[in-house]
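Here are some notes for a colleague who is opening this entry for the first time. Please keep the sequence and the 3D view at hand while going through the numbered points.

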Amino acid sequence: MVDEILQSKNDLKMQIRNLNFYYGTHQVLKNINLNIKSNAITAIIGPSGCGKTTFIRTLNRMNDIILGIKIEGDILFDHKNIYDDDIDVVDIRRKIGMVFQRPNPFPKSIFENIAYGLKINNLTVNKGELRERVEIALRGAALWEEVKDRLNTSALDLSGGQQQRLCIARALAVQPKVILFDEPCSALDPIATAKIEELIQELKEKYTIVIVTHNMQQAARASDFTAFLMLGELVEFDITEKIFTNPSQKITEDYITGRFG
Amino acid sequence: MKSKQHLKEKIIKNIFFLSSLSSILFLLGTSFILFKEGLPLFREIDLKTFLWGKSWYPTYNPPEFGLLPLLLGTLWTTLGALIIAVPLGVSAAIYISELATPKIKDYLKLAIEMLTGVPSVIYGFLGIVVLGPWLQNLLDLPIGLCALTASLLLALMAIPTITSLSEEALFSVSKEYKEASYALGATRWETIIKVTVPAASSGISTAVLLGMGRVIGETMTVLMVAGGAAVIPHSFLQPVRTITATIALEMGETVVGSVHYYALFAIACVLFIISLALNLSADYFLYKFRRTSR
Ligand SMILES: Nc1ncnc2c1ncn2[C@@H]1O[C@H](COP(=O)(O)OP(=O)(O)O)[C@@H](O)[C@H]1O
Ligand SMILES: [Mg+2]
């Protein structure tokens with residue numbers, strides 16, 4: 001069923017083919033094959049330690065900064081392998097943004113947090129444009145109204161939920177095509193979580209989204225496709241509704257019904 | 001049984017408390033003696049003549065006890081040392097913390113630690129035998145022992161302090177900041193210069209201030225290589241005399257209770273106040289750093 005939907009190549013933002021990943025000699029991802037559709041939300045679920053974080057970080061080459069890793073297979077982004085030799089990894093990371101598990105704004109002002117990515121990527125020419133782009137990014141992350149009067153105060157004074165939305169705004173500012181979320185709500189309270197979930201739904205219109213979550217409800221209500229990982233293997237990948245109502249694997253059912261995890 | 005145990009714990013606790021108290025007592029005692037022996041100077045000359053006095057001629061008749069040449073000698077050599085040591089020390093710290101492979105990192109850290117252990121008299125020796133004559137030749141100076149020579153050697157002594165403390169500050173910058181930077185498409189350099197170093201800036205300030213404290217209080221090296229002339233310096237190529245060197249040189253020849261004796265204590269008070277201020281600001285930056293780094 002999922003294969004039919006993900007048939008048309010034009011719809012695919014990313015394709016993961018025969019992906020193996022090792023920390024030293026410890027193999028953490030085993031022959032993963034998965035397609036990620038444009039302007040859709042793909043959720044990655046699975047028990048902790050199964051390789052979700054490792055997997056999502058292979059998608060924008062964030063694992064490259066760790067010493068002693070080995071990676072095999074292809075990851076296509078707009079039909080081009082991001083691990084090819086002629087690829088500019090800095091450019092890949094700008095186009096494939098990332099929001100981390102713990103909100104990690106820079107110890108700078110709110111304004112500078114957003115302006116940073118714009119400056120290093122030379123995306124703006126003058127001050128006026130910079131202000132404008134910062135505002136657009138903050139609006140995009142539904143944070144503008146809350147912070148517009150204190151753009152020059154430290155980002156560390158914001159609440160956890162606001163900090164995470166600031167991190168989303170920061171990612172939006174550099175105009176990525178894909179945004180990766182690694183358990184973005186695990187450090188947040190339910191109200192802040194709801195706001196971020198709502199935001200992610202809105203972002204889907206413009207961006208392709210991959211989200212790691214260990215929260216079954218979140219995956220079920222917020223995603224279009226779900227991949228279930230276990231011990232580094234992709235057990236099942238399907239339309240979210242199918243995974244949560246009629247999974248093809250017994251172990252998937254056991255996991256989503258909370259029999260282990 | 002239980003109360004005996006309790007008593008034992010109480011005694012041990014008090015012993016530790018007293019030993020921690022002793023450091024405060026030493027500090028208070030030291031400052032008390034310094035000021036007790038230094039303040040009587042102002043019965044003989046007024047504070048302004050001391051602070052703004054342009055000559056230090058303790059054995060002339062009448063003697064002059066002007067602080068300026070010595071204070072400027074100290075500040076001059078210290079400034080020179082910092083101009084050299086801060087860029088080098090901080091760059092070395094950046095290299096060790098952010099760029100070196102783990103193995104090179106270990107070797108460099110070891111080397112720097114060993115550098116810290118070199119006694120200052122050896123630097124003085126090197127200055128007299130090697131660096132001084134070399135500079136004299138190179139720059140065609142009348143004398144090789146001058147402020148520049150002292151500054152270069154003091155820089156060598158400050159670099160280990162500045163490097164190792166800055167390295168610690170850089171290393172403790174949260175990995176999450178760096179990851180956030182990379183994820184936005186920053187290069188390694190952009191991340192180091194625009195995220196890591198600013199996040200460590202108050203820790204680096206602490207390192208610089210403590211390095212400065214090390215230099216300002218240094219006696220043996222400057223005594224040996226700075227040239228020893230108690231005149232207000234106009235260039236780095238001129239011999240100078242620091243507060244520390246003056247005390248070390250002259251303390252032995254003064255009569256207890258003489259004006260000269262009080263004057264030496266008075267300049268020691270000035271040095272003490274400067275060092276205290278440096279350490280307090282270092283602590284302040286350290287406190288700030290601990291608050292912002294997670
Ligand atoms: N930097 C690392 N070095 C070595 N092993 C790691 C590293 N990061 C994660 N691992 C290991 O890889 C496995 C998968 O971890 P991770 O991808 O973080 O899982 P998840 O996000 O699903 O909890 C775990 O066994 C973990 O111990
Ligand atoms: Mg994880």
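**Notes on salt bridges and the chain contact**

1. Asp238(A) counts as buried because its relative accessibility is 8%, and buried means under 20%. This residue and Lys242(A) meet through their side chains in a salt bridge, at 3.6 Å from N to O. Lys242(A), for its part, has a relative accessible area of 21% and is therefore partly exposed. Please bear in mind throughout that this is a predicted model.

2. Within chain B, Glu98(B) forms a salt bridge with Lys178(B), and the closest N and O atoms of the pair lie 3.4 Å apart. The pair links distant parts of the chain, since Glu98(B) sits in helix α4 (residues 68-99) and Lys178(B) in helix α8, 80 residues apart. Both Glu98(B) and Lys178(B) are buried. In chain A, salt bridges with shared partners join Glu135(A), Arg139(A), Glu145(A) and Lys148(A) into one network. Over all chains, the structure holds 24 salt bridges.

3. Turning to the contact between the chains, 25 residues of chain A and 20 residues of chain B take part in it. About 1900 Å² is buried between chain B and chain A, and carbon and sulfur atoms give 63% of that area. On the side of chain B, the residues that lose the most area to chain A are Glu179(B), Ala183(B) and Leu184(B), which together make up 32% of what that side buries.

4. Across this interface the rule finds 2 salt bridges. In one, the side chains of Arg102(A) and Glu176(B) meet at 3.0 Å, N to O. Glu179(B) also forms a salt bridge with Arg57(A), with the closest N and O atoms 2.9 Å apart; this pair crosses between chains, from helix α8 of chain B to helix α2 (residues 52-58) of chain A. Both Glu179(B) and Arg57(A) are buried.

5. The rule also finds 6 residue pairs in polar contact across the interface of chain B and chain A. On the side of chain B that touches chain A, α8 (175-183) and α9 (188-199) each supply at least two residues, and α8(B) gives the most, with 7 residues. The residues of that side divide into 10 nonpolar, 5 polar and 5 charged.

6. A last point concerns Lys48(B), which is placed in helix α3 (residues 47-52) of chain B. Lys48(B) counts as exposed because its relative accessibility is 62%. Its C-alpha atom is separated by 9.9 Å from that of Leu67(B), a residue 19 positions apart from Lys48(B) along the chain.

Conventions. Residues numbered from 1 in each chain as written. Chains lettered and ligands numbered in written order. Predicted model: local features only at pLDDT ≥ 70, side-chain atom pairs only at ≥ 80, totals over all residues. Heavy atoms only, no water. Contact = heavy atoms within 4.5 Å. Buried area = accessible area lost by both parts, 1.4 Å probe. Salt bridge = Lys/Arg side-chain N within 4 Å of Asp/Glu carboxyl O. Polar contact = N/O pair within 3.5 Å; in protein donor to acceptor, adjacent residues only side chain to side chain. Helix = DSSP H or I, 4+ residues; strand = E, 2+ residues; numbered from the N terminus. Nonpolar A, V, L, I, M, F, W, Y, C, P; charged D, E, K, R; others polar. Buried < 20%, exposed > 50% of the residue type's maximum accessible area, 1.4 Å probe, protein only.
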